[in-house]
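Open the model in your viewer and keep the sequence at hand. The stops below say what to select and what is there.

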Amino acid sequence: MCASGSGPDGGGTSGEDGPPGGDAAAFAALLEDSAEDLYEHAPCGYLSTLLDGTIVKVNATLTGWLGSTREELVGRRRFADLLTVGGRLYHETHFAPLLTMQGEIGGVALELQATDGSRLPVLVTSMVKTGSHGQPLLIRTTIIDARDRRAYETELLRARREADLERERLQRLATTLQRTLLPPTLFEVPGLEVAAHYHIASPDRVGGDFYDLFPLADGRWGFFLGDVCGKGVAAAAVTSLVRYTLRAAAVYDADPVAVLRNLNTVLNHEYRGEDPRFCTVIFGLITPDLGPITPDMDPITPYAHGCTIVLAAGGHPPALLLRADGGAEFRPTPGGQLVGVVPDAHFTTSTVRLDPGETLLLYTDGLTEARRPGPGPKADRYGEDALFDFAAALAPVGARAAVDAVTDLLASFGSGLDDDAAVLALGVPPRREGEAAPSRG
């Protein structure tokens, strides 16, 4: 509670509401400005006009902004005459009609034109003063100096344009960098149909998913698909290292387990301590079945009998085999650990026989972890079970058609697909009508 009373010298009260002691009278005098002075020297412009806009009263603040005298304005000019050409047009077509209909209008951005030709951005609020019977008498207008606001908006617009340009530059850089981490086109493997798709979740951030397909000695082929932990430049550096290490390791020793062990050793040496880097990856070695080759055969015939694929995976989702007789099955490589986490990571292999009409589908977890559209704040994850049902319904299907179907599936997730997703499919074309299966031996 605050106590009040007179001091020993007869002064006023003491406290937070005013100066103490003898200064109270001076302080009270400051609060006794006349209404006329408050009107004339207010921090905003005031004017009153007749209904046709003729100025009948104006304060000193506004005349100072305009560089005019009261005599030059009152009874001689209309409010619209104080505006720029564009402002007058807007006043006549929008401002005045709305004011007539509504009786008031506020916060409209216009520009005054001073006698020296300079422009003053302002915010204008007008209200119609009515008589006792509701008949309109005058228009009272308040004008606020918006120069600081205009400067702020201009600076904000400039900063936004610069940010947009920087974002476009980053997007171009990210796109260019992403292209260097993926093969521009897949090799055409005789007798096999191959297809791939890469979905980038963020256009201005480099993703960590990767894939490749390349020839090896003795007519064999290597391929891989994986996902590096993280995004951005740091992940791109790891992705580049992983991709070229896998290629080099496969040339040295194409055994899938040896390839992954080599990559695991490289990642452990390069990224240790407080910034470990790891990835999931599945590596495969393709050995085609060569049938008898004759001069009249087309290029696809020698490989059309099928192929054998040896897979090794490090912490990666299992491949899906889409069978020629319909249906699908996962082909896991059990026990495969994340690559780059521990020095002695364990990897195992799984052998897949790919006969005519069958397709092997590989994918990253961006697909299975996508959220399906649905009610509520949290939609369900798509998951491997749903992917299995989706693939089983597709079979039998070729590699290109399978990737096209998965691409459409990814698009159906919309905003629920918030991670990169890569898909790689390898398929053996169906046996042509009348063609006998090759003999083994």
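Select the cysteines in this predicted model. Over the whole structure, a search for disulfides finds zero. A disulfide is a covalent bond between the sulfur atoms of two cysteines.

Now pick C229 and show its side chain. C229 has 34% relative accessibility, so it counts as partly exposed. Move to C307 next: its relative accessibility is 1%, so C307 counts as buried.

Next, select residues 232–252, which form helix α7. Helix α7 has 21 residues, and from its first C-alpha to its last it reaches 30 Å, close to the 30 Å expected at 1.5 Å a residue. Which residues of α7 are buried? Colour G232, A235, A236, V238, T239, V242, R243, T245, L246, A249 and A250 to see them.

The last stop is the largest pocket, with a volume of about 270 Å³. Centre the view on L51, A96, L99, T100 and I139, which of the 19 lining residues are the closest to the centre of this pocket. Then show α5 (85–102), β4 (119–130) and β5 (136–145), each of which supplies at least two residues of the lining. The largest share, six residues, comes from α5. Coloured by type, the lining of the largest pocket divides into nine nonpolar, seven polar and three charged residues.

Terms used:
Residues are numbered from 1 along each chain as its sequence is written. This is a predicted model: local features need pLDDT of at least 70, side-chain atom pairs count only at pLDDT 80 or more; totals for chains, interfaces and linings use all residues. Side-chain values use heavy atoms; hydrogens and water are left out. Helices (H or I, at least four residues) and strands (E, at least two) are DSSP runs, numbered from the N terminus. The expected span of a helix is 1.5 Å times one less than its number of residues. Buried means under 20% relative accessible area, exposed over 50%, partly exposed in between (1.4 Å probe, protein chains only). On a 1 Å grid over the protein atoms alone, a cavity is a set of points where a 1.4 Å probe fits but cannot get out, and a pocket is an open set with protein on both sides within 12 Å along at least five of seven lines; lining residues have an atom within 4 Å of a point. Grid points are joined across faces, edges and corners, and a volume is the space filled by probe spheres set on the points. Ala, Val, Leu, Ile, Met, Phe, Trp, Tyr, Cys and Pro count as nonpolar, Asp, Glu, Lys and Arg as charged, and the others, Gly among them, as polar. A disulfide is a pair of cysteine sulfur atoms within 2.5 Å.
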